[in-house]
Amino acid sequence: MRSSSRPLASVAVLFFLTGMAALIYEVLWLKELGLLFGNTSQAMATTLAAFFLGLAAGSHYWGRKVAAFREPLKLYAGLEAAVAVCAAGYFILLAAYGRLYPWVFDCCGNHAGLFTGVKFALSLTILFPPAFFMGGTLPVLSHFAAPNRNDLGRNTALLYGINTLGAVAGALLAGFYLPVWLGFKASYGLAMAISLTVAAGAYVLSKPHTEQSRAPIETGGIAFRPLAFIAFMSGLSMLALQVLWGRMFAQVLQNSVYTFALILSVFLICLALSGFLARWLIAVRFDAGKLLFGSLIIGGLLVNLGPFVFLAWTDELHYIGSDVGWYAYLLQIAAPAAFIMGPPLLLLGMALPLSIRLAQNHGPSGGTLVGQLVGINTLGAIAGSIIAGFLILEWIGLWAGIRLIAVLYFLTATYWFSRTTETASNCRQPSCSDSQKSFESDWRRRGGLYLPAIGILLAVSVFDTGKLPLVKVDPVNEEESLLAFWESSAGTVAVIRRGEHLKIKVNNHYTLGGTGSFELEQLTGSLPVALHREPRSVYVLGLGTGITAGGVLKHPIQRLTVTELLDDVVAASDKYFGAYTNGLFYDPRVRVLHEDGRNYLRGAREKFDVIIGDLFVPWEAGTGSLYSLDHFKTVSERLNENGLFMQWLPAYQLSQLEFDVIAKTFLEVFPYATVWRADFGALRPVLGLLGSKSNQDLAALSVGHHQKLLLHFAGDLVSISSRFEQARLNTDDRPIIEFSAPVSQRSIKTGRQEWLVGAELIELMEALQPSVSDYIVDVSEPSMQWPQAGFNLQKAQWLRYQGRLKEAEQAMANYRELLGEEEQ
């Protein structure tokens with residue numbers, strides 16, 4: 001190997017790039033297919049399963065074929081070129097499926113199992129071909145890197161670690177930079193260019209390969225089947241842990257694209273280091289079988305301790321880094337992630353490299369062996385992700401699920417110990433009697449079985465994770481109590497009583513609304529419908545508590561459709577908020593669907609008179625797509641001729657930058673757009689953008705009790721469009737909001753930016769005032785000044801908060817004067 005160290009180093013660089021490109025592909029595929037199929041947990045799991053299935057098949061197939069190639073690097077070059085070619089076809093297939101999807105939705109949308117199966121089939125045709133060729137790269141390079149079979153385990157561990165480090169680079173690039181710098185399509189092109197560069201480099205380095213030597217080594221007489229079982233269980237447990245740890249950290253993070261990418265990167269870094277550690281331990285001739293047993297036992301213990309460390313670190317599920325800037329926030333995430341995941345991953349990540357080392361004399365070639373074990377490991381990964389996401393979280397929950405994985409490691413260690421044979425007596429003294437040797441051998445055999453049993457006993461007694469808290473409540477300072485909670489693959493949903501009011505929280509820190517803001521939430525449903533002359537059909541994207549959708553039912557509509565991404569939110573709303581929703585769940589005019597709302601609009605063919613987009617936290621991963629040009633175009637296509645679209649915005653969670661981007665993107669689709677205020681507060685204001693394809697008027701508010709809604713009219717968005725000229729469009733290809741909102745949130749925490757509240761909000765409202773008169777021509781004379789009255793009421797609230805009491809009183813006097821004597 002010393003004579004070929006230079007080619008091996010060059011190949012290691014190429015394999016680093018292979019790992020980087022693979023993660024860029026994977027991140028982009030999951031994002032794009034999530035937009036096409038919906039961001040439900042079922043859709044994401046089927047997409048991931050299709051990708052992993054391609055990897056497993058490719059690993060097994062190309063591992064068997066590599067021995068027939070005299071120049072493995074040319075085969076590696078061909079695989080990389082094939083990945084790039086298949087990736088190019090992705091654009092064609094995705095466009096075709098985009099046109100086909102409405103038909104698929106019509107046929108299968110009402111049958112969840114069938115619909116999931118169709119999504120899996122479509123994902124398979126897109127992802128399987130490139131993943132099939134990706135899966136062959138490690139077996140092929142393992143064959144190249146170990147002309148002497150004694151080096152197979154050590155050099156495969158090195159390649160495994162280097163490739164995983166490349167994956168870290170790809171995850172960070174795709175998760176932090178490329179979509180903003182280049183957009184998704186150009187980033188995808190960059191990944192293809194990397195694959196072609198690797199192919200060219202491998203071709204240049206290629207030369208005839210030395211036939212693999214099969215010099216005998218000590219394997220302890222271990223059969224292949226136990227090693228295959230270890231590889232499978234390693235993949236299953238590792239991916240299950242990734243899912244469960246991801247859910248654990250989701251309870252205390254902002255859950256943006258950045259935090260997901262960072263947690264994934266820490267996970268991959270630890271896996272890479274485990275590969276390097278395995279290589280070193282193999283090189284210094286540690287007993288691989290005993291090392292595997294010890295790593296499973298100690299790793300299982302560390303996995304079981306993880307939740308206790310996590311709760312101590314976060315002080316019982318407090319939000320991490322609540323008052324720090326961007327880079328400090330990332331550091332505060334990385335530190336507990338590395339501390340909690342690092343030690344067990346360093347040990348447990350060695351299972352696959354050690355299995356390859358122990359099996360390295362099995363099979364006709366090193367590539368075949370690696371292909372078989374890596375393929376089996378990847379099949380285990382598919383099983384682990386599905387079991388964790390759809391069974392563990394649904395049936396036993398997060399904490400008990402982590403304990404279950406720890407127990408699986410203990411059981412795997414027991415199986416491994418029972419299937420291995422002792423290679424030498426531990427009693428080395430010649431004077432030892434046969435009975436003494438027999439006693440010591442029996443003690444070691446029994447002791448090896450005692451250790452996993454002790455680990456299981458500790459997991460279900462002293463370190464029982466099943467009773468740990470999963471929802472944070474503050475009964476002392478906030479008068480909070482937990483009424484109910486649900487765990488599923490989609491998230492943790494809780495109903496919390498706070499004083500006299502109820503609210504729904506998702507993953508501890510994402511509030512979907514509550515009875516404390518009943519009037520505001522009801523108005524966000526009622527106001528857009530009141531603005532339409534003849535509202536018959538209404539669609540609400542996002543259920544939450546159901547109060548907003550219930551506000552729609554104050555009007556004599558014929559049909560209301562509501563979609564909600566989280567099924568448990570539907571259950572919580574029905575059980576605890578029924579009294580506040582105007583009979584939403586029992587009204588024959590209403591359909592409440594568990595579906596990705598954006599995906600539903602894209603697939604459904606029906607049209608609506610009014611479409612309402614509820615409030616969403618802008619920095620949450622996936623939320624930015626609800627403010628994209630592509631989504632707004634879909635909404636426009638689903639509106640009837642005189643239809644109205646109201647998108648509500650939490651101004652208290654948007655900086656001026658994000659508002660400008662959303663406003664400019666909105667105007668790109670809706671040439672007629674107005675701004676509405678849902679309330680008159682200046683510290684937590686909610687604004688609405690009302691769009692239509694034809695000119696709007698306020699005639700629907702000219703009679704009856706709807707006249708009071710004129711207080712909420714702020715002005716014409718088109719009239720201030722010059723303010724947004726420098727803003728960028730938010731598109732699916734360049735998701736500006738998804739990547740800027742999380743950074744803005746942290747910048748505002750340190751005072752470097754401001755939310756669109758207070759002075760910034762009042763300045764915006766003031767700029768809109770001159771345009772009000774253009775819309776009130778059909779309004780009765782007494783009500784013409786009510787929009788300006790609403791502005792003065794909001795201004796008074798802000799002035800009072802600042803302590804400018806005289807100015808606040810003057811604004812209130814203006815409000816009363818403009819409102820008219822009959823309304824005093």
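How many strands form the open sheet that includes β7 and β12, and in what order? The views below are taken from a predicted model, in which local features need pLDDT of at least 70 and side-chain atom pairs count only at pLDDT 80 or more, while totals for chains, interfaces and linings use all residues. Residues are numbered from 1 along each chain as its sequence is written, and side-chain values use heavy atoms, with hydrogens and water left out.

**View 1. The open sheet of 8 strands.** The order is β7-β6-β5-β8-β9-β11-β10-β12, and the pairing is mixed. At the edges are β7 (590-594) and β12 (713-716), each pairing on one side only. Two strands pair if DSSP finds at least two bridges between them; strands (E, at least two residues) and helices (H or I, at least four) are DSSP runs, numbered from the N terminus.

**View 2. Strands β8 and β9.** Strand β8 (residues 608-613) runs parallel to β9 (residues 639-650), and 5 bridges join them. Phe-608 has Leu-639 in β9 as its bridge partner.

**View 3. The open sheet of 4 strands.** Its order is β1-β2-β3-β4, with antiparallel pairing. Because β1 (480-488) and β4 (510-514) each have a single partner strand, one side of each is left without a neighbour in the sheet. Strand β3 (residues 501-506) is joined to β4 over 4 bridges, and Lys-505 stands opposite Thr-511 in β4.

**View 4. Leu-182 in its loop.** Leu-182 lies between α6 (152-181) and α7 (184-205). Leu-182 is partly exposed, with a relative accessible area of 32%; buried means under 20%, exposed over 50%, and partly exposed in between (1.4 Å probe, protein chains only).
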